[in-house]
Amino acid sequence: MTDIRELLLSRIRDVADYPEPGVMFKDITPLLADPAAFTALTDALAEIAEGTGATKVVGLEARGFILGAPVAVRAGLGFIPVRKAGKLPGATLAQAYDLEYGSAEIEVHAEDLTAGDRVLIVDDVLATGGTAEASVQLIRRAGAEVAGLAVLMELGFLSGRARLEPALKGAPLEALLTV
């Protein structure tokens, strides 16, 4: 696992003062552009999906779509997008959550998750955990079980794990990298 961590870290670019002064943005586009790194990431996340017994993968808008869809294909699972409110046609379930300044809402198609589903949530970064926590609540409200949460990178200094662990109720939280 050390080799994959080194590979992934070597393909993540730090961008200072983006999107605002004082923020060090972790840009994963160089990783996505490198077929070996992207494949290694997909394989590692698909292994987590298989280990959790997931039946579906949920990807969180927007980079969770980029990572989650190939993971679902690799693991032979269905893929479900969780989108920002107002982006999905038809009947949806919505979950509101608080942000540092204000609030937001995410949605999923009501018929895409059922009581028999075990869902692995996939995203690029775990920061404060607000969106991930809302997705856990949304999945449970749809009647499905949360099999776990897997991310490329956890920003440990933002304490998202501490926020999420109670909501996960024992389901695993896997981060390939912690920075």
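Start with Arg 83 and Glu 61, whose side chains form a salt bridge with N and O 3.0 Å apart. Arg 83 sits in strand E4 (residues 78–84), while Glu 61 is in the loop between strand E3 (56–60) and helix H4 (63–75), so this pair ties together parts that are 22 residues apart in sequence. Keep in mind that you're looking at a predicted model. Arg 83 is partly exposed, at 21% relative accessibility, and Glu 61 is also partly exposed, with a relative accessible area of 22%. As a general point, side chains of opposite charge can pair when their charged atoms come close.

How many salt bridges does a search of the whole structure find? The count comes to 11. Let's look at a couple of others.

Go to Arg 11, which forms a salt bridge with Asp 34; here the closest N and O atoms are 2.6 Å apart. Both partners are in loops: Arg 11 in the one between helix H1 (2–10) and strand E1 (13–16), Asp 34 in the one between helix H2 (29–33) and helix H3 (35–52). The pair therefore ties together parts that are 23 residues apart in sequence. Is Asp 34 buried or exposed? Asp 34 counts as buried because its relative accessibility is 16%, and the cut-off for buried is under 20%. Arg 11, with a relative accessible area of 28%, is partly exposed.

Now find Arg 13 and Asp 27, whose side chains meet in a salt bridge at 2.2 Å, N to O. Asp 27 is buried, with a relative accessible area of 8%, whereas Arg 13 is partly exposed at 45%.

Salt bridges also come as a network here, with Glu 154, Arg 161 and Glu 165 linked in one.

Finally, take a look at helix H5, residues 130–141. How far apart should its ends be? At 1.5 Å a residue, its 12 residues should span 16 Å, and the end C-alpha atoms are 17 Å apart, which agrees. Quite a list of H5 residues is buried: Gly 130, Ala 132, Glu 133, Ala 134, Ser 135, Val 136, Leu 138 and Ile 139. Just past H5, Gly 143 takes a positive phi of about 95°.

Key: Residues are numbered from 1 along each chain as its sequence is written. This is a predicted model: local features need pLDDT of at least 70, side-chain atom pairs count only at pLDDT 80 or more; totals for chains, interfaces and linings use all residues. Side-chain values use heavy atoms; hydrogens and water are left out. Helices (H or I, at least four residues) and strands (E, at least two) are DSSP runs, numbered from the N terminus. The expected span of a helix is 1.5 Å times one less than its number of residues. Buried means under 20% relative accessible area, exposed over 50%, partly exposed in between (1.4 Å probe, protein chains only). A salt bridge is a side-chain nitrogen of Lys or Arg within 4 Å of a carboxyl oxygen of Asp or Glu.
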